[in-house]
Amino acid sequence: MSLIDNLKDVAEVVRKAGNIDLYRRITALEGEVIDVTRENRHLQLENEELKTKLSLRALMVFRSPFWYSEGDDVPNCPRCWESDQKAIHLQGPFRVVAGNRFDCPECKECFIAERTGRLELT
Ligand SMILES: [Zn+2]
């Protein structure tokens with residue numbers, strides 16, 4: 001039985017006993033418990049999300065000019081990774097005069113990796 005169920009049972013007993021003041025205080029407490037439970041759930045979800053980001057961060061390796069996930073040869077968007085910690089695979093390479101172009105499907109940024117390894121935003 002949950003804490004809220006217990007409070008409802010206690011409130012019902014108090015209501016039947018006719019103690020209206022105590023009944024109101026218990027129902028107010030019930031509302032506070034619901035708020036705290038909701039906030040706790042929100043914090044648990046946020047904590048899981050942060051743990052996932054930290055795990056991913058530990059697996060990311062920078063090999064100029066891009067970020068790679070460990071054991072993955074497909075480059076990730078440097079803009080998405082460095083600004084939002086999102087590992088988004090780049091599409092490409094597409095051969096262009098200056099080198100290879102990579103496109104990000106998330107932020108729509110295009111990157112030209114020059115033959116020298118230098119990165120140019122387009
Ligand atoms: Zn991006």
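**Figure 1. Strands β4 and β5 pair in the antiparallel sense over 5 bridges.** The model shown here is predicted; local features need pLDDT of at least 70, side-chain atom pairs count only at pLDDT 80 or more, and totals for chains, interfaces and linings use all residues. Residues are numbered from 1 along each chain as its sequence is written. Helices (H or I, at least four residues) and strands (E, at least two) are DSSP runs, numbered from the N terminus. Two strands are said to pair if DSSP finds at least two bridges between them. Across this pair, D103 stands opposite C110 in β5. The hairpin of β4 and β5 has 6 residues between the strands. K108 is found in the loop between β4 and β5 and has a positive phi of about 70°, although it is not a glycine. A residue is buried if 20 or more other C-beta atoms lie within 10 Å of its own, exposed if 12 or fewer, and partly exposed in between, with C-beta atoms placed from the backbone. K108 counts as exposed because it has 9 C-beta neighbours inside 10 Å.

**Figure 2. Strand β3 (residues 91–96) is joined to β4 by 4 bridges, and the two run antiparallel.** These strands form a hairpin with 2 residues between them. Q91 stands opposite D103 in β4. P93 lies in strand β3, and a cis peptide bond joins G92 and P93, with omega about 5°. G99 has its place in strand β4 (residues 99–103). Why does G99 count as partly exposed? G99 counts as partly exposed because it has 18 C-beta neighbours inside 10 Å.

**Figure 3. The largest nonpolar core has 9 residues in all.** A nonpolar core is a set of buried Ala, Val, Leu, Ile, Met, Phe, Trp, Tyr and Cys residues joined through C-beta atoms within 7 Å. Here the set is made up of C77, C80, W81, L90, F102, C104, F111, I112 and A113. Helix α3 (78–84) and strand β5 (110–114) each supply at least two residues of this core, and β5 gives the most, with 3 residues. In soluble globular proteins, nonpolar side chains tend to be buried together.

**Figure 4. The surroundings of W81 include residues from elsewhere in the sequence.** Two residues are in contact if their C-beta atoms, placed from the backbone, lie within 7 Å. Leaving aside neighbours within four places in sequence, W81 is in contact with M60, W67, N76, K86 and A87. Q85 has its place in the loop between α3 and β3. Phi of Q85 is near 60°, a positive value in a residue other than glycine. Is Q85 partly exposed or buried? With 14 other C-beta atoms within 10 Å, Q85 is partly exposed.

**Figure 5. Strand β1 (residues 60–63) and strand β2 (residues 66–69) run antiparallel and are joined by 4 bridges.** They form a hairpin with 2 residues between them. The bridge partner of F62 in β2 is W67, and W67 is also among the contacts of W81. P65 has its place in the loop between β1 and β2. A cis peptide bond joins S64 and P65, with omega about 10°.

**Figure 6. Helix α2 (residues 20–59) has 40 residues.** The expected span of a helix is 1.5 Å times one less than its number of residues. For α2 this span should be 58 Å, and the end C-alpha atoms are 59 Å apart, which agrees. How many buried residues are counted in α2? The count is 0, and α2 is hardly covered.

**Figure 7. The protein is divided into domain 1 (3–56) and domain 2 (64–121).** These bounds come from an automatic or database domain assignment. The centres of the two domains, taken over C-alpha atoms, are separated by 47 Å. The C-alpha atoms of G99 and L7, 92 residues apart along the chain, are separated by 68 Å. Taken along the principal axes, the C-alpha atoms of the protein fill a box of roughly 85 × 25 × 15 Å. Of its 122 residues, 10% count as buried. From the N terminus on, the elements run α-α-β-β-α-β-β-β-β.
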